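Here is a short tour of one protein model, written to be read with the structure open beside it. Please have the viewer ready and follow along.

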Amino acid sequence: MSVETPRRIVLLRHAKADWPEVADHERPLAERGRADAPVAGRRLAETGIAVDLALCSTAARTRETWKLAVHELPHRPRTVYEDRLYDATLGDLLALLTETSDEVNDLLLIGHNPGMHALADALSARAEGDALGRLTASAFPTSAFAVIGFTGSWKTVEPDVGTLLEYWAPHD
């Protein structure tokens, strides 16, 4: 693949989680989260993006979100459960992106805030329509996703490399 290949990064925040007496990593989805996750999957399917690889945090709430959302997609991408997505900083997330194989055109990350919001902000030098304003105003709520496009190799991903193509949140 050429280094001029257009690529997309989809950042999906896990759905609304419950707060039972368990470790944070093991928190399940709340009822609203179980309802919102398939809606996010359907909306993602409507974008027409054929995700090549999904990297999902190992936390219970992200795994459950992905399980509910992926059934709404026209095809199931290869999924890797990635420990480093849990409690990831912006630097951690950028490092994960630069490790992606150039055979992957469209990558989906299923993770947590504040990382998902920070990464969307950092990568988006430009935006289509009012996507950036809506992202900024919403603070990237649960079940929201952002789609960022860029051209080049994954090894070149850095702040301000992309265009925010789409931003969606379930209760906008």
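How many positive and negative side chains does the protein chain have, and how far apart do the centres of the two sets lie? The protein chain carries 18 positive and 26 negative side chains, with 4 Å between the centres of the two sets. Here Lys and Arg count as positive and Asp and Glu as negative, while His and the chain ends are not counted. Each charge is placed at NZ of Lys, CZ of Arg, CG of Asp or CD of Glu.

## Ground rules

This is a predicted model, in which local features need pLDDT of at least 70 and side-chain atom pairs count only at pLDDT 80 or more, whereas totals for chains, interfaces and linings use all residues. Residues are numbered from 1 along each chain as its sequence is written, and side-chain values use heavy atoms, with hydrogens and water left out.

## Overall build

The protein chain has 5 helices and 7 strands, counted as DSSP runs numbered from the N terminus (helices are H or I, at least four residues; strands are E, at least two). Following the sequence, the order is β-α-β-α-β-α-β-α-β-α-β-β. A compact globule of 172 residues would have a radius of gyration near 16 Å, and the 15 Å of the protein chain agrees with that. The radius is taken over C-alpha atoms, and the globule rule is 2.2 Å times the number of residues to the power 0.38.

Of the 172 residues, 49% count as buried; buried means under 20% relative accessible area, exposed over 50%, and partly exposed in between (1.4 Å probe, protein chains only). Among contacts (heavy atoms within 4.5 Å) between residues at least 6 apart in sequence, 78% join residues at least 24 apart.

Start at the loop between strand E4 (106–111) and helix H4 (115–123), where Pro 114 lies. The peptide bond leading from Asn 113 to Pro 114 is cis, with omega near 10°. Helix H4 is largely enclosed by the rest of the structure, because 7 of its 9 residues are buried. The buried residues in H4 are Gly 115, Met 116, His 117, Leu 119, Ala 120, Ala 122 and Leu 123.

Leu 135 sits in helix H5 and is buried at 0% relative accessibility. Beyond its neighbours within four places in sequence, Leu 135 is in contact with His 117, Ala 120, Asp 121, Phe 140, Leu 164 and Tyr 167. Leu 135 and Ala 120 are 15 residues apart along the chain, and their C-alpha atoms are separated by 8.5 Å.

## Loops with positive phi

Which residue other than glycine has a phi near 65°? Ala 139 does, in the loop between helix H5 (131–138) and strand E6 (145–151). Ala 139 counts as partly exposed, at 41% relative accessibility. Asp 160 also is not a glycine and has a positive phi of about 65°; Asp 160 belongs to the loop between E6 and strand E7 (162–168).

The model has 3 aromatic pairs. In one of them, the rings of Phe 150 and Trp 154 have centres 5.1 Å apart and planes at 75°, so the pair is edge-to-face. Rings of Phe, Tyr and Trp (its six-membered ring) pair if their centres lie within 6.5 Å; planes under 30 degrees apart count as stacked, over 60 as edge-to-face and the rest as tilted. Phe 150 and Trp 154 are both buried.

Thr 5 lies in the segment before strand E1 (6–13) and is buried, with a relative accessible area of 12%. Leaving out neighbours within four places in sequence, Thr 5 is in contact with Asn 105, Phe 150, Thr 151 and Gly 152. Gly 152 is in the loop between E6 and E7 and counts as buried at 6% relative accessibility.

## Arg 61

Is Arg 61 buried or exposed? Arg 61, found in helix H2 (residues 60–70), is buried, with a relative accessible area of 5%. Setting aside neighbours within four places in sequence, its contacts include His 14, Asp 24, Tyr 86 and His 112.
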